[in-house]
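Here are some notes from a colleague to read alongside the model. Take them one at a time, and find each residue on the screen as you go.

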Amino acid sequence: MDRQTSRVHSRTVEKAANDALLRRGVTLDEIAKIVYEMQIPYNKGLTIEHCIESIKSVLKKREMQHAILVGVELDELAEKKLLSEPLQQIVEADEGLFGVDETIALGSVYTYGSIAVTTFGHLDKNKIGIISKLDTKSGGGVHTFLDDLVGSIAACAASRLAHRTRDLEEANETFEDIAPEETAPETNIKGVRI
């Protein structure tokens with residue numbers, strides 16, 4: 001078998017992950033509000049648009065896309081009561097000792113360094129913004145994995161901005177000096193697709 005023909009194209013995976021978030025009621029704007037709250041104390045001139053651009057960059061990472069696809073699939077299967085027991089009951093109840101949901105989300109955070117890991121821990125503990133709504137189990141939906149995945153996306157996007165802040169400081173600039181699409185430092189490298 002030719003390994004090249006069995007691969008799923010990057011755009012297909014990216015679209016599927018973004019569609020999964022939207023299907024579950026999670027928008028980039030909702031995640032951006034969390035990122036903004038986490039980073040505005042440290043970033044003069046930061047806007048929601050800068051945060052959205054950072055989130056878009058995070059969502060281009062395969063690690064994040066795969067985590068989203070697996071987590072959302074498990075949540076949806078649990079809603080349909082299609083998981084075997086006792087996993088069905090554990091996921092549906094979002095049992096505190098389960099930990100697999102945090103493990104998947106945390107695994108996708110490591111790409112962005114220790115600041116992303118500590119930010120994820122803060123978000124997992126404090127349930128800011130839409131994370132709190134997803135964690136409350138209101139409306140009958142199962143979001144055992146999704147609340148942690150949203151925390152992971154937000155933590156990574158906030159970490160990207162923190163790293164970008166350092167680049168800007170070294171150039172004697174702030175976020176006031178750059179357009180949102182310049183949030184990703186990779187935008188200035190010829191041939192890089194972000």
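Predicted model: local features only at pLDDT ≥ 70, side-chain atom pairs only at ≥ 80, totals over all residues.

1. Start with the aromatic rings. A search of the whole structure turns up one aromatic pair. Its members are F98 and F145, whose ring centres lie 6.0 Å apart; the planes stand at 90°, so the pair counts as edge-to-face. The cut-off behind that word is an angle over 60 degrees.

2. F98 belongs to the loop between α5 (87-93) and α6 (100-107), while F145 belongs to the loop between α8 (130-135) and α9 (146-170). The pair therefore ties together parts that are 47 residues apart in sequence.

3. Are these two residues buried or exposed? F98 has a relative accessibility of 18% and counts as buried, because the cut-off for buried is under 20%. F145 is buried too, with a relative accessible area of 2%.

4. Next, please find E14, which is part of helix α1 (residues 10-23). With a relative accessibility of 13%, E14 counts as buried. Its side chain makes a polar contact with the side chain of K60, at 3.0 Å.

5. Stay with α1 and look across to helix α4 (residues 62-79). The two helices pack with their axes 9 Å apart, at an angle of about 45°. That angle makes α1 oblique to α4. The crossing of the two is left-handed. On the α1 side, the residues in contact include E14, the residue from the previous point, along with V13, A17 and L21. On the α4 side they include Q65, I68, L69 and V72.

6. How closely do their axes approach, and at what angle do they cross? The axes come within 8 Å and cross at roughly 115°. The helices are therefore roughly perpendicular to each other. From α3, H50, C51, S54, I55, S57 and V58 take part, and they meet I153, C156, A157, R160 and L161 of α9.

Terms used. Residues numbered from 1 in each chain as written. Heavy atoms only, no water. Phe/Tyr/Trp six-rings, centres within 6.5 Å; stacked < 30°, edge-to-face > 60°. Helix = DSSP H or I, 4+ residues; strand = E, 2+ residues; numbered from the N terminus. Buried < 20%, exposed > 50% of the residue type's maximum accessible area, 1.4 Å probe, protein only. Polar contact = N/O pair within 3.5 Å; in protein donor to acceptor, adjacent residues only side chain to side chain. Axes fitted to C-alpha atoms, helices over the stretch in contact; angles between N-to-C directions. Parallel < 35°, antiparallel > 145°, perpendicular 65-115°, else oblique. Left-handed = near helix turned anticlockwise from the far one by under 90°. Contact = heavy atoms within 4.5 Å.
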